[in-house]
Amino acid sequence: MAAENYSNGGPDSNPCYLQKFGLYSTCSNFYMIGRDKNQTVWRVLKIHRLDSSELTILEDPTTYSEFECFDLLRRIHDGNRSTGGLNFVTACYGIVGFVKFLGPYYMLLIKKRRKIGAICGHNIYAVTKSEMISISNSPDQSNVAYSKNEKRSFANSACKCIMYLVLIRRHMRLAQKLGYIMRLALKKLLCAVDLTKDFFFSYSYNVMHSLQRNLRKNETGLGHYETMFVWNEFLTRGIRNNLNNTLWTVALVYGFFKQVKLSVSGRDFMFTLIARRSRHYAGTRYLKRGVNEKGRVANDVETEQIVFEDVPEGCPTQISSVVQNRGSIPLFWSQETSRLNLRPDIICMISKKDPNYDATRLHFENLVRRYGNPIIILNLIKRCEKKPRETILRAEFANSIRFLNKSLTEEDRLRFLHWDLSRHSRKATKSVAVLGRVADYALNLTGIFYCQVTPNCRPEGLLNLSCLVQNDEKLGKDAGNDKQNSSENVKPPMFQNGVLRTNCIDCLDRTNVAQYAHGLMALGRQLHAMSFIESHTIDQNSPLVDELMTVYEEMGDTLAL
């Protein structure tokens, strides 16, 4: 995500966001030209190519006009005529990062993007095409994203496995075929990094944070990339530390983003559902379970539901969001993978690895830092089985919460709820009704975020987000003193404190149902706060019920991959 210009040693009061880039090359350097959306700000970045084993990047502090920028490129071309001049390489929409294996550095670029939505005037994009370019000035290496040494290194461990097969069969043709296939596979793995699957980003909106956090804290600078939801944090670390800004890079969030227009009572509104998957302790089903020593859990996903009025630009609008969380049961446990056993045994390792539940404590302390109190835990696993599997974790999870609550004050204690969803899953309507009551209980404790945005705060999107809350509070007081002018009647903001954390075994199917029930209950409160409906709940016969389910089902399918 592009951020402020720090060339003068501090944040610029009028930050620019570079959105379109052109890459040029000479024999000794790459030149990246970046411009803002309005083509009024042009910047230049130089990347050294002579020593491609080291990442050397220089940023020109000058802000150019379009004419000045292309005049600079002309002079660079004239100065390098003897070695081939300046050549255009590619157009792109941001730097994903830099990566080094055994040879030179490679630069990962976004070649194509697709707009998938907007939040308060800030566009959100998905990656539709990416490219990896070698920093090396060798013509043979510039178009091939791997060297012989790298190929040999990557293939080494795989070739050891192949050699066992070769020794057994003593068949040289088979060995040659397997070696060739391995080289092709490694080339494809290295060169065709697929960023088009469920990654999204924004140049001007901190999409890795919730709406409430963006509005209240107004964070700027490099810290955004170090959050748990930015998947290219490591890839961008070199350029961020080198330049001390994020002007040239984008922060990729992995998960789900969907925005649709819905209607209730004859009024349109925009509904946005965002799922942010944590990069910490990430992995595939069965291979990543439970918690690690740092308190990070597998399949940790933050889900945010944003609702705002669909009104013309320049008109006052209202916006609301609700956040919920899912994650693996925060204990030390695992499952053996097996193609023959669709329900592998659950292995619990609490007594040996964490008798005092220190990792579990770290996990919930992290949730409190992220969302505040209270933390409501909805545990959906089975309570009764012929052969104990889930019930083992259910009992141990309950023990851990009782143990942790002993050291917490009454107001800060973890709220722990059990409900065996599998037992009631045959009666879908009843299940959703019960989960709706749980959601109502949780929302009564946590509340929702709501804010009214005035036209003077959004001429070009919410570039200074913190001003909204402060201005709304002030406007609310002023409106109370002058009731004659109804346009100044700005509702006071509401804030969410605490979060509902849901889990089953995989944090997939059962968790999806529970999160949908919470989203449906929350949507009623959001629309009520915006004066779209009179009740806090949505009528079960409303088309919104099915429309919301469709979006949540799509999110569930995406997170299950």
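Tyr125, Phe201 and Tyr203 come together as one aromatic cluster. Rings of Phe, Tyr and Trp (its six-membered ring) pair if their centres lie within 6.5 Å, and the count by this rule is 14 aromatic pairs. Keep in mind that this is a predicted model, where local features need pLDDT of at least 70, side-chain atom pairs count only at pLDDT 80 or more, and totals for chains, interfaces and linings use all residues. Residues are numbered from 1 along each chain as its sequence is written, and side-chain values use heavy atoms, with hydrogens and water left out.

**Aromatic pairs**

- Phe21 and Trp248 make a tilted pair, 5.9 Å centre to centre with 45° between the planes (under 30 degrees counts as stacked, over 60 as edge-to-face, the rest as tilted).
- Phe21 sits in strand β1 (residues 18–25) and Trp248 in the loop between α6 (233–243) and β10 (253–264), so this pair ties together parts 227 residues apart in sequence; helices (H or I, at least four residues) and strands (E, at least two) are DSSP runs, numbered from the N terminus.
- Both Phe21 and Trp248 are buried (under 20% relative accessible area; exposed is over 50%, partly exposed in between, with a 1.4 Å probe and protein chains only).
- Trp231 and Tyr254 pair up edge-to-face, at 5.1 Å centre to centre and 70° between the planes.

**Charges over rings**

- Arg113 has its charged end over the ring of Tyr125, 4.3 Å from the centre (NZ of Lys or CZ of Arg within 6 Å of the ring centre and within 35 degrees of the ring normal).
- Arg267 places its charged end over the ring of Phe532, 3.9 Å from the centre.
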